[in-house]
Amino acid sequence: MSPAPPITAVLFDFGHTLVDFQRTQEALHAAYQQIRDRIEAVAFMEVPEILDLVERVAGGVDRLVEQSYREGRLEEVNQAALLREALAGIGFDLPDDVIDHIVVLDHSAYSNSITVESEVASTLQSLKAEGYRTGLVSNLTLRADLMRADLQRWGLLDHLDATVFSSEVGVRKPDPRIFKEALARVGAEPGETVFVGDRLYDDVSGAQAVGMRGVLTRQFRREEDPAYRPDAVIEHLKELPVVLKALATAP
């Protein structure tokens, strides 16, 4: 059997792959205090208290997003439209500029909740130094420009040749189109690319379906399903350089 093609590129999922993606209650309440103040400045009616606003707006948006995943939808939802709908549902029909500002404030609840392990940045840096092209492919309703600003602030963006978010391309993994867009942006062929992610269906199987090799990471969460066969499994991102060398020599 002939050896597999050389590996020239590595694509990564974001949440639970590069970072432990979550939103703390403290950051959420801080963001929604600012959102409440913004609404109060333009609306001539009483604005709900923070906890009520969080439940009815942030909670409402979260439930709609979760529902779309349960239904298996591959089309990404529009975060601004969901926030507009949730706010209209409690009586606030707000202009576009206010909605845009609320999107930014809502985003801050995520970006202020996330910390990046130093070993993540150092691993990406070492992969770049070894000549790999690197990219990010993430299912996120959050705005792509805000995510790239976060990646820059966290010291990750300079170690990535391309970033692709479902919020900008309109489809989620495992839709082949988002993987192909990422491959085009990093300038790599599927057979020479490895995808690293924490989800067997969206990440590993989705990447394998377009011809990439799929590596499952268990650093932040664990999935087990014998129906899926990742090409390798790692417990921490720092193991990846060694795994890539092994995959490159595997038949």
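**A parallel sheet, its helices and a buried aspartate**

In this predicted model, six strands make up an open sheet with parallel pairing, in the order 3-2-1-4-5-6. Strand 3 (162-165) and strand 6 (232-234) each have a single partner strand, so they stand at the edges and one side of each lacks a neighbour in the sheet. With direction ignored, neighbouring strands of the sheet are turned against each other by 20° on average.

A contact between two helices comes next. The axes of helix 5 (residues 118-129) and helix 10 (residues 240-249) cross at roughly 35° and come within 10 Å. Helix 5 contributes T123, S126 and L127 to the contact, and helix 10 contributes L240, P241 and L244. Of the residues in this contact, four are nonpolar, two are polar and none is charged.

D202 is buried but has no salt bridge. The nearest side chain of opposite charge belongs to R199, 4.5 Å away, whereas a salt bridge requires a side-chain nitrogen of Lys or Arg within 4 Å of a carboxyl oxygen. Neighbours within four places in sequence left aside, D202 is in contact with N139, K173, P174 and F179.

Note on methods: Residues are numbered from 1 along each chain as its sequence is written. This is a predicted model: local features need pLDDT of at least 70, side-chain atom pairs count only at pLDDT 80 or more; totals for chains, interfaces and linings use all residues. Side-chain values use heavy atoms; hydrogens and water are left out. Buried means under 20% relative accessible area, exposed over 50%, partly exposed in between (1.4 Å probe, protein chains only). Lys and Arg count as positive and Asp and Glu as negative; His and the chain ends are not counted. Contact means heavy atoms within 4.5 Å. Two strands pair if DSSP finds at least two bridges between them. Helices (H or I, at least four residues) and strands (E, at least two) are DSSP runs, numbered from the N terminus. Axes are lines fitted to C-alpha atoms, for helices over the stretch in contact, and angles run from 0 to 180 degrees between N-to-C directions. Ala, Val, Leu, Ile, Met, Phe, Trp, Tyr, Cys and Pro count as nonpolar, Asp, Glu, Lys and Arg as charged, and the others, Gly among them, as polar.
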